[in-house]
Each structure stands twice: as structure tokens, then as C-alpha cells.
Amino acid sequence: MTPDEPLDLDLDKLVRDGVLTRDDARALQHSQQSDTDGAMRLEALPSGENKDAVKEDATKHKRHWVRTTRLCNQRCTFCLDSMNQDGTMIDFESLKAYILLGKRMGRERLILSGGEASVHPKFIELIRYGRQVGYEWIQTITNGMMFSYTKFAKACADAGLNEATVSMHGHTAQIHDKLTGTPGAFVTGIKGMQNLMATGKVVVNIDVVLNKQNYKVLPEVLDFYYNMGIREFDLLHIIPFGRGFDEHRHSLFFDLNDAVPYFRRAFQLANRPGVYLWTNRLPVMYLEGFERLIQDPHKLLSEFDGGRHNFEGWLRKGMKPDCHGERCDYCFLDGPCRQTMFPFREQLEAGTLAEVRIDAQHVWQGTEARAKFEAQKPERVWLAARTAQDALGAMDHLPFAGSKLAIELDPGADPAPLAVRAIERYVVHTIDDAQRYLATVPAAATIEVRLTQELATWLLAQPDLPAERLVATLQDHAYMSESQAIDPSPAVLAQLAHKGVRLKNVPRCVAGAPVEPGEHLTLDAKMLDGAGALDLDRYVASFIGHEYAAKSLRCGRCAEFEHCRGAHINYLRSHGFAILTPLDEDGRPLADAASFEHLTEQLKAQAALRSKRDQQRLHGLHKPVATQEP
Ligand code: SF4
Ligand code: SF4
């Protein structure tokens with residue numbers, strides 16, 4: 001197949017032929033929605049560059065993953081893919097078609113994976129073909145063993161391989177061979193890395209699966225590979241799928257609380273010039289002090305893509321995912337999945353969502369979507385409109401009698417015509433609008449200011465601010481760079497609260513005063529598909545942008561703990577967990593608020609609370625749904 005040949009691919013056939021899994025095919029159909037531009041490469045950057053910007057850009061690369069085999073020459077105890085491995089190879093022509101498909105879709109980076117990708121008999125030809133069709137960067141994920149053959153490593157480099165991510169889980173044969181279930185894996189893996197590095201053409205980095213067998217030596221593991229010349233490390237937290245959970249749960253899963261001191265020593269490596277450390281699926285509260293290592297929230301898009309049929313089964317039909325059950329307690333997706341997506345759908349179906357949002361210009365996907373939206377009995381309706389006239393027109397068709405109404409007009413629009421209606425609050429985004437609304441809208445209405453640094457400064461400079469009429473909301477942002485560019489600092493937020501302005505979406509400990517909680521499980525009409533179900537991609541995007549909050553491990557002792565969702569992840573990535581200070585019953589910071597002592601007790605308390613809430617939710621409020629255990 002030549003790069004110019006017309007490509008008329010039938011994704012269903014690719015699935016039947018074994019080129020793609022069903023999930024891969026679905027992910028492919030949807031992946032363009034999560035791809036954005038960006039071409040900066042880690043390996044091209046000098047040390048000393050802004051690592052945050054580099055990492056954020058790296059998450060935007062357009063990647064095309066191609067599975068070449070369903071077999072492996074190792075038998076890792078933690079393997080996630082064990083259920084998919086049947087000892088087969090994907091045929092060469094199918095692989096070429098899939099590689100070409102990715103290029104036609106505009107993907108820049110080709111990633112050859114498996115099983116073990118390099119045992120495919122046409123592996124070198126696949127690299128060459130990827131180069132021929134025009135990929136900018138060709139990477140493989142590998143255990144490194146095949147590259148211990150010097151000629152093979154050189155041939156791969158000459159064919160155009162740019163990067164090899166080698167899975168190495170220990171710094172000794174004793175640890176690595178045991179974890180990989182393969183005597184000799186350590187020695188051959190190291191030899192493979194050395195051969196690839198010796199070509200001078202291939203960037204070599206490593207993946208480490210964090211587990212009970214290696215977490216105590218993680219600092220030594222990273223040092224070992226750093227001394228070999230490795231500068232990029234991806235630390236993957238063990239997750240409850242595949243062989244690792246089914247067969248080796250007790251020897252692999254560990255209490256993250258025990259690992260904190262070892263992790264903190266290991267993470268220091270990230271401070272060295274030119275070193276890039278990534279974490280993968282590691283619960284964020286364990287990264288206090290190392291917030292820049294928190295995984296970009298957009299990774300959730302691909303995580304949900306990977307299990308699309310499972311999650312859509314829940315959203316569309318109320319069928320719990322195959323994996324639901326005892327795995328959930330160990331699962332990195334628990335927050336967006338069980339803790340948020342499950343109750344979101346349950347409340348949507350029951351018509352009990354407390355807040356809904358709609359744009360006056362909204363075009364319904366279908367009558368079922370409209371019916372589902374209008375079946376809610378919200379406490380508050382958010383209506384966005386370009387002008388007051390548009391808002392008035394839309395209000396006549398809103399069915400929510402008795403709900404509070406919040407209006408958000410385009411910047412610069414005149415709100416005066418709305419004075420005849422009972423409106424609970426107005427949302428403003430600019431200084432000009434804040435001034436105008438304060439002067440024109442009825443005094444009974446609240447003015448909700450969506451904070452920016454400029455707006456916060458302006459509010460603080462007003463000598464006669466009618467603070468009782470205002471709510472100042474800390475905005476959520478999908479990207480950390482947006483938070484850094486726009487959001488006021490914690491100190492400024494505290495000054496606003498001190499001036500009497502009620503803050504929203506800010507933890508009480510940051511405000512130093514009572515606060516209004518941020519929005520949670522707000523149904524935007526845009527999130528509904530034609531059948532009236534939550535659209536998975538829009539749900540995940542909404543979670544990243546608005547729901548992804550976190551607290552410190554230290555929060556377990558805070559009197560606000562049960563009611564507080566913490567702060568949005570990107571605000572914490574920008575300012576650190578240290579801004580959170582546990583409070584006593586009177587709202588005063590605890591004397592030892594910064595202390596990590598008694599952490600184990602705190603975590604147990606948090607787990608018990610969460611478990612209690614889950615049980616109430618799953619067995620009390622809602623009918624149990626039959627689970628489908630694997
Ligand atoms: S159902 Fe449970 S195990 Fe499956 S993705 Fe959701 S939280 Fe994880
Ligand atoms: S629970 Fe945590 S984030 Fe919330 S107020 Fe207390 S210390 Fe702050």
C-alpha cells in the first residue's frame with residue numbers, strides 16, 4: 001500500500017480482522033475531538049526551559065497508537081493487557097492500512113505498541129512505512145529485550161525509530177525479573193537500552209509501574225537510570241485491571257500512605273535540570289509539594305475513550321460498567337466515574353438535578369433531550385443569552401416555575417430590559433459590566449462576578465463597594481496555563497473575603513470566611529445527546545473543566561471536610577496544596593495545619609466517610625443495578 005493510495009477503511013472490518021479492538025475503533029472515531037494542535041517535543045528542548053509549558057504542549061500532540069501483536073516475550077505480574085493476549089500477530093497489510101489511516105487523520109506521532117511491539121516479524125518495516133507515509137516522530141513502547149540484539153537495534157534506528165519507552169520496574173535483576181516473570185529480563189532490557197542509546201538516533205526513556213515490590217526503592221531506581229543517561233521517566237501507578245488485580249493483587253497493591261516518604265525522595269529528581277518526570281494515574285493528593293508532577297487532566301479523555309462502550313452503557317442504559325465492583329475502591333477513575341458520573345446519571349433520570357444551564361440559542365438534538373432537560377426541577381436555572389431581548393424570549397419558553405433564575409448576557413449587553421422580571425442573579429465577566437450592573441439592576445439581585453486578576457484588583461480598589469450585593473466566583477479552567485494567566489492569587493481571594501465579598505468556588509480555608517460552594521452536577525443542555533442521555537465526551541470535558549477538584553491529605557482533620565470539595569485541580573497545580581489549611585469548628589486554622597503527622601488515621605477517616613456515603617447512595621437512595629463482574 002502506497003501513501004497516496006485511496007483509503008476506504010471499514011472500522012468494523014478492522015475490528016473483525018483483529019487490527020483494532022472495539023474500544024480502539026470507537027476511540028478512533030472520537031479521538032479527533034480530543035486532539036489539538038501542538039508540535040513541541042520534549043527531546044528537542046534544552047534543559048532550563050519552562051517544564052510546565054513543555055509538558056502541557058506534549059499532552060496536545062496528535063498521537064496514533066498501533067497495536068502490532070497480541071503476544072509478549074515477558075509475563076509481567078501487573079500486566080493490564082493479559083486478557084487481550086492470545087499469542088497472535090496483526091497481519092502486515094492491516095497494520096499498514098491502520099498506520100496510513102492515522103496519518104490521513106492528521107496524527108503526528110506514531111506509537112507502535114503490543115503486547116510487545118518489537119517481536120512482530122515486520123517491526124522494522126512498520127517503522128520504515130511510518131516514516132514513508134510522513135509521521136514526524138515514531139515511538140515504540142517496549143520491554144527492551146529485542147533491542148539487546150545490536151543489529152536489530154541499529155536497524156530500527158536506521159529505519160526511522162525516534163523514541164523507545166522501555167518498561168523497567170527495578171534497578172536490580174532480582175526486582176525486575178520477578179515483576180516481569182522473566183529470568184534475564186533485566187540484563188537484556190539494560191543491554192537493549194544501551195544499544196538504542198549507542199545509535200545516537202533514538203531517545204530512550206523509561207516507564208516504571210509503581211507497586212508493592214518496588215515503591216520502597218523508587219529513589220534508587222530513578223537514580224540508577226538517571227546515571228545511565230535517562231532523562232525522562234513515567235511513573236505509572238498500578239491499577240486494578242488485568243493480571244495484576246486478578247492474580248497478584250496481594251503482592252502488588254500497596255497503601256499509598258506508606259509510600260509517601262519514598263515518593264517524596266524520588267520526586268526530587270524532577271528538580272534536576274533537563275529531567276522530565278511524569279506521573280500516571282497517581283492520586284493527586286499524594287503529590288503535595290510536587291504539584292507540577294500531577295498528570296494533565298486531559299488524560300481523562302483517553303481513559304474514558306478506552307472504555308467507551310462500558311461508560312456509554314451506563315450513561316445510555318444504566319448498565320454498570322463491566323469493571324464495576326470491588327475494583328472501584330482501587331480505581332484511579334473513581335472520582336470522575338463512580339463518584340460523579342454515576343450520581344449524575346441517576347439524578348438526571350430521577351429529575352433531581354439541582355442546577356441546569358441553557359443558552360438562549362440552544363438547538364435541541366432531539367425531543368427526548370428536551371424532555372429530559374425539562375423534566376428536572378432545579379433550584380436554579382442558568383440562562384446565557386447574547387442580549388436582554390434574547391433572554392426575555394427564552395425565558396418565556398422555560399418551564400421551570402419556582403426555580404431561581406440566573407442570567408448571563410454577552411459582555412457589553414444592556415441588562416435594563418430584564419428589570420421587569422424576577423431574576424435572582426446576574427453574571428458578569430468584565431469591569432465595565434460590573435460597574436454597569438451595579439448601577440442598573442434591581443438591588444435585590446445578586447451580581448456574580450467571574451473573577452479575573454483585573455476584576456479582583458478593581459474590586460479591592462473600590463472605596464464603597466456594595467459587597468452584600470456581590471458574589472465573586474473563582475473560575476475553573478481546563479488548562480493550568482489558563483489558571484496561571486487569569487486567576488487571582490489565594491492572598492487576593494482572602495483580601496476580597498476580608499472586604500466582605502462572598503466568595504464562591506473557593507475553599508473556606510483559603511477565603512478565611514464562609515463561602516458559597518462551586519457548581520456541582522450542573523446539567524448543561526449541551527451535554528445531552530439526541531436520546532436525552534449524557535454524552536460521554538461532553539461529560540468528561542465538563543468534569544475536567546468544572547468538577548475536577550481535590551483536597552490535601554491533611555484535609556481529613558478539617559471541620560469542613562464533609563462539605564468541602566477543595567479547589568479545582570488546575571488552581572492547585574498553580575498554587576500548591578499548601579494553600580489548604582485544615583480548620584477547627586470555629587473556622588480557625590488548626591495550629592498544626594501543615595503537618596503530615598497522623599496521616600494514616602486521616603486517610604482511614606476519609607476512606608470510611610467515602611465508603612459510608614457510597615453505601616448510602618448505592619443501596620439507599622437508588623435501586624441497586626445488577627453488576628456485570630468480569
Ligand atoms: S466502574 Fe469502578 S472500576 Fe470501573 S472505571 Fe468506574 S470506578 Fe473504575
Ligand atoms: S477540607 Fe481542606 S480544602 Fe476544604 S476548607 Fe478544609 S482544609 Fe480547606
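Strand 4, helix 5 (residues 123-133) and strand 5 form a right-handed β-α-β unit; helices (H or I, at least four residues) and strands (E, at least two) are DSSP runs numbered from the N terminus. A crossover counts as right-handed if, with the strands pointing away from the viewer, the path from the first strand over the helix to the second runs clockwise. The model is a predicted one, in which local features need pLDDT of at least 70 and side-chain atom pairs count only at pLDDT 80 or more, while totals for chains, interfaces and linings use all residues. Residues are numbered from 1 along each chain as its sequence is written, chains are lettered from A and ligands numbered from 1 in the order in which they are written, and side-chain values use heavy atoms, with hydrogens and water left out.

Strand 4 (residues 109-113) is largely enclosed by the rest of the structure, because 5 of its 5 residues are buried (under 20% relative accessible area, 1.4 Å probe, protein chains only). Arg 109, Ile 111 and Ser 113 point one way from the strand, and Leu 110 and Leu 112 point the other way. Strand 4 pairs in the parallel sense with strand 1 (residues 63-67) over 5 bridges, where pairing requires that DSSP finds at least two bridges between two strands. In this pair, Arg 67 stands opposite Ser 113. Strand 4 also runs parallel to strand 5 (residues 137-142), joined by 4 bridges, and Ile 111 has Gln 139 as its bridge partner there.

The chain then crosses from strand 11 through helix 17 (residues 388-395) to strand 12 in a right-handed β-α-β crossover. Strand 11 pairs in the parallel sense with strand 10 over 5 bridges and with strand 12 (residues 404-409) over 6 bridges. Asp 359 has Ala 384 of strand 11 as its bridge partner, and Val 381 stands opposite Leu 405 in strand 12. Since 6 of the 6 residues of strand 11 (residues 380-385) are buried, this strand is largely enclosed by the rest of the structure.

Glu 355 belongs to strand 10 (residues 355-359) and is buried, with a relative accessible area of 15%. The side chain of Glu 355 makes a polar contact with that of Trp 382 (2.5 Å); such a contact is a pair of N or O atoms within 3.5 Å and, within protein, one must be able to donate a hydrogen and the other to accept it, while residues adjacent in sequence count only if both atoms are side-chain atoms. The C-alpha atoms of Glu 355 and Glu 519 are separated by 7.9 Å, although the two residues are 164 residues apart along the chain.

How values were computed: Buried means under 20% relative accessible area, exposed over 50%, partly exposed in between (1.4 Å probe, protein chains only).
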